[in-house]
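My notes follow, one topic at a time.

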Amino acid sequence: MSDTSLPKHSVKDPSRLRLALQSDFAYQFKRSPVAVVSFAVTVILVLGAIFAPLIAPYNPFDPASLNLMNGFSAPMAPNAFTGDVFWLGTDDQGRDVFSTILYGMRISLFVGAAAVLFAMVLGITLGLLAGYVGGWTETIIMRVADVQLTFPAILVAMLIFGVAKGITPVEYRDQMAIWVLIVAIGLSDWVQFARVVRGATLVEKNKEYVQAARLIGRTSPAIMLRHILPNVLSPVLVIATISLALAIIAEATLSFLGVGAPPTQPSLGTLIRVGQSFLFSGEWWILLFPAGTLLSLALSVNLLGDWLRDALNPRLR
Amino acid sequence: MLAYIIQRVAQSALVLLIVGLVAFSMFRFVGDPIDNMLGQERTQADIERLRVVLGLDKPFVVQYYKFLEGAVQGNFGVSYRQGRPVSEILIERAPATLELAAVSGFLAISIGIALGVFTAIRRNGFAANAIMSISLIGVSLPTFLIGILLIYLFSVELGWLPSFGRGDTVDIGGWSTGFLTETGLRALVLPSITLGLYQMTLIMRLVRSEMLEVLRQDYIRFARARGLRERAVNFRHALKNTLVPVITVTGLQLGSIIAFAIITETVFQWPGVGLLFINAIQFVDIPVMAAYLMLISVMFVSINLVVDLLYFAIDPRLRADRTGAQ
């Protein structure tokens, strides 16, 4: 059976393969309303975050544009003192909630994406090494992964954040917080990538094309990066999407707990943390609008990831 | 079998030693313990004396050994922030977290299994589909948002339930329980739902997919052909056979409940160990962080060990696999 279908990989034409994948992909995409809607929501939110300085009616971090008299304006209603109207109301310092959400989303998305990128690079590197080199390298990497997997990612991230906070001098803590957050979330999330890449590498490394590459004398790093890596990327893409949703939630959770983005650079989580204290005095908009934004962001990325997993994995259909 | 158990126990011990090393390094290298313990007005003699008292003049390995020795005896040093022994603070806070975790775990398991069976049996029913869709949203909702939304709905808008704290507690031999007073029980409702919801959806989805798998098996068809009642088929034959993976996942989730209690406790200002840990991170209170890390690792590692051994005992096929692999 298998000897009639000779090495598929050696004759594949990458451009045609990609084209076929894309059309199938596009077809699958159009057929799923969930995918279309969640993709649209994600794109709108991401664009809003990227172009925040252009879209936002106010710059919430420019003290000159703030007027304390505008504090606690209700959404769509003229302020009692100044008569200004704010779409989504203002917070206690008179900052426009709509603008702070746009800027907050920027930080949330940046931290989430950077953390996933970091986790991905680390996980792919270690996964390739573990799968391709084997032996002690593999044992050590996968043991560390096992141990880390015993603990919930959010707990690992908290600990890393706490330790990093202890190491950085007090005056740099606020500036460093965003980067520490990225490293903490990234380090808590690399295991998934490493496991999947290692598994796929173990399968790929015994295939003919890898043996052929080895025979013509390509070096191990070249084989890993140029030959194996492209063939293990599709599951990585799926994990990356779902990880992005998880990373956004993790960032929001840490910031909400007060161990994440500082008040000087508020993310959606920080905004929710601030807004929570106004819940009892009736200023619901300071809390519920950032919360709704976070929810739509996390949910749409999550649904997109779910759909991507099904679309890239025909066996599940 | 015995070899496997020994290997597994040794592995767990090694993990704990490594975690201990991490915790100790935090204690030793993050910030200067002497700086943290002595105030502004200190003399060189004070510093030297504390160095000797803390054993900081000894080699690293000896210090690590001392730290482990202390940790085994429950001695984690003195909190930088509260100036009291960490073990004392932990013991004081533990009942709040354990009671919250127990109630959430119970809710998650009982409701999760019930809904899982229901959605599997009525696979195409309207109610089952609605529950499945809602559970998808539940999985994507961050725990702290669930908590806040519950507070908004039931405390702020409806005013039915308290939004923070434990209510009144009764002290029974050093264990302060909230189970015996009305305010204590009312205070438990929202936090335990918040904490248990994620695990509940997880268990529900797992039970459902396992049930669907089992219901397709031949012995279920035979049971039906033998004319057994639907109830007997579903519960005595099908549910029983789905429980092995459910036990594993549930066991592992028990640990997560304690960890995620950090979030719930912060939202509801629940005076437990998790809130203590978050405050410790905010104020870089290293002894408390190290102690919490050790405590939770012991818990996670032993839960993992027990679940592994339990799995091994329940499912004979695994035994053959494991011995074959070695």
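Predicted model: local features only at pLDDT ≥ 70, side-chain atom pairs only at ≥ 80, totals over all residues.

Before anything else, a working rule for touching: I call two residues in contact if their C-beta atoms, placed from the backbone, lie within 7 Å. With that in hand I looked up Y292(B), and, leaving out residues up to four places away in sequence, Y292(B) touches V273(B), F277(B) and A280(B).

**The core**

I then asked which residues have the most contacts inside the largest nonpolar core. They are A157(A), L181(A), F277(B), M289(B) and Y292(B), in a core of 162 residues.

**Chain A overall**

I looked at chain A next and found 13 helices and zero strands. Reading along the sequence, I get α-α-α-α-α-α-α-α-α-α-α-α-α. Chain A has 317 residues, and 44% of them are buried. For contacts in chain A between residues at least 6 apart in sequence, I noted that 69% join residues at least 24 apart.

**L128(A)**

I picked one residue of chain A to follow up. L128(A) is found in helix α5 of chain A, residues 97-133. Is L128(A) buried or exposed? My cut-off for buried is 20 or more other C-beta atoms within 10 Å. L128(A) has 25 of them within 10 Å, so L128(A) is buried. Not counting residues up to four places away in sequence, L128(A) touches V197(A), T201(A), M224(A), I228(A) and L229(A). I also checked L128(A) against A298(A): the two are 170 residues apart in sequence and 30 Å apart in space, C-alpha to C-alpha.

**Where A meets B**

I went to the contact between the chains, which takes 30 residues from chain A and 29 residues from chain B. On the chain A side, the elements that give two or more residues are α6 (135-150), α7 (153-167), α11 (220-257) and α13 (285-312). Which element gives the largest share of that side? I found that α7(A) does, with nine residues. By class, the chain A side divides into 22 nonpolar, seven polar and one charged.

**Chain B overall**

Chain B has 13 helices and two strands. I noted 36% of its 326 residues as buried. The C-alpha trace of chain B spans about 85 × 60 × 35 Å along its principal axes. Of the contacts in chain B with a separation of 6 or more, 69% come from residues 24 or more positions apart.

**α6(B) and its partners**

I took α5(B), residues 86-121, with α6(B), residues 126-140: they pack at an angle of about 130°, with their axes 8 Å apart. That angle makes α5(B) oblique to α6(B). The crossing of α5(B) past α6(B) is left-handed. From α5(B) I listed L115(B), F118(B) and T119(B), and from α6(B) A128(B), I131(B) and M132(B). This contact has five nonpolar, one polar and no charged residues.

Then I turned to α6(B) with α8(B), residues 182-215, whose axes come within 9 Å and cross at roughly 135°. That makes α6(B) oblique to α8(B), and the crossing is left-handed. Here S135(B), G138(B) and V139(B) of α6(B) meet L197(B), T201(B), M204(B) and R205(B) of α8(B). I counted by class again and got three nonpolar, three polar and one charged.

**An open helix and two positive phis**

Why do I say that α9(B) lies largely in the open? Helix α9(B) covers residues 218-225, and the number buried among its eight residues is zero, so it lies largely in the open. Just after α9(B), I found G227(B) with a positive phi of about 85°.

My last stop was Q269(B), in the loop between α10 (230-268) and α11 (273-282) of chain B. The phi of Q269(B) is near 45°, a positive value in a residue other than glycine. I wrote that down because most residues other than glycine have a negative phi. Q269(B) has 13 other C-beta atoms within 10 Å, so I logged Q269(B) as partly exposed.

Conventions:
Residues numbered from 1 in each chain as written. Chains lettered and ligands numbered in written order. Helix = DSSP H or I, 4+ residues; strand = E, 2+ residues; numbered from the N terminus. Nonpolar A, V, L, I, M, F, W, Y, C, P; charged D, E, K, R; others polar. Axes fitted to C-alpha atoms, helices over the stretch in contact; angles between N-to-C directions. Parallel < 35°, antiparallel > 145°, perpendicular 65-115°, else oblique. Left-handed = near helix turned anticlockwise from the far one by under 90°. Buried ≥ 20, exposed ≤ 12 C-beta atoms within 10 Å, placed from the backbone. Core = buried A, V, L, I, M, F, W, Y, C linked by C-beta atoms within 7 Å.
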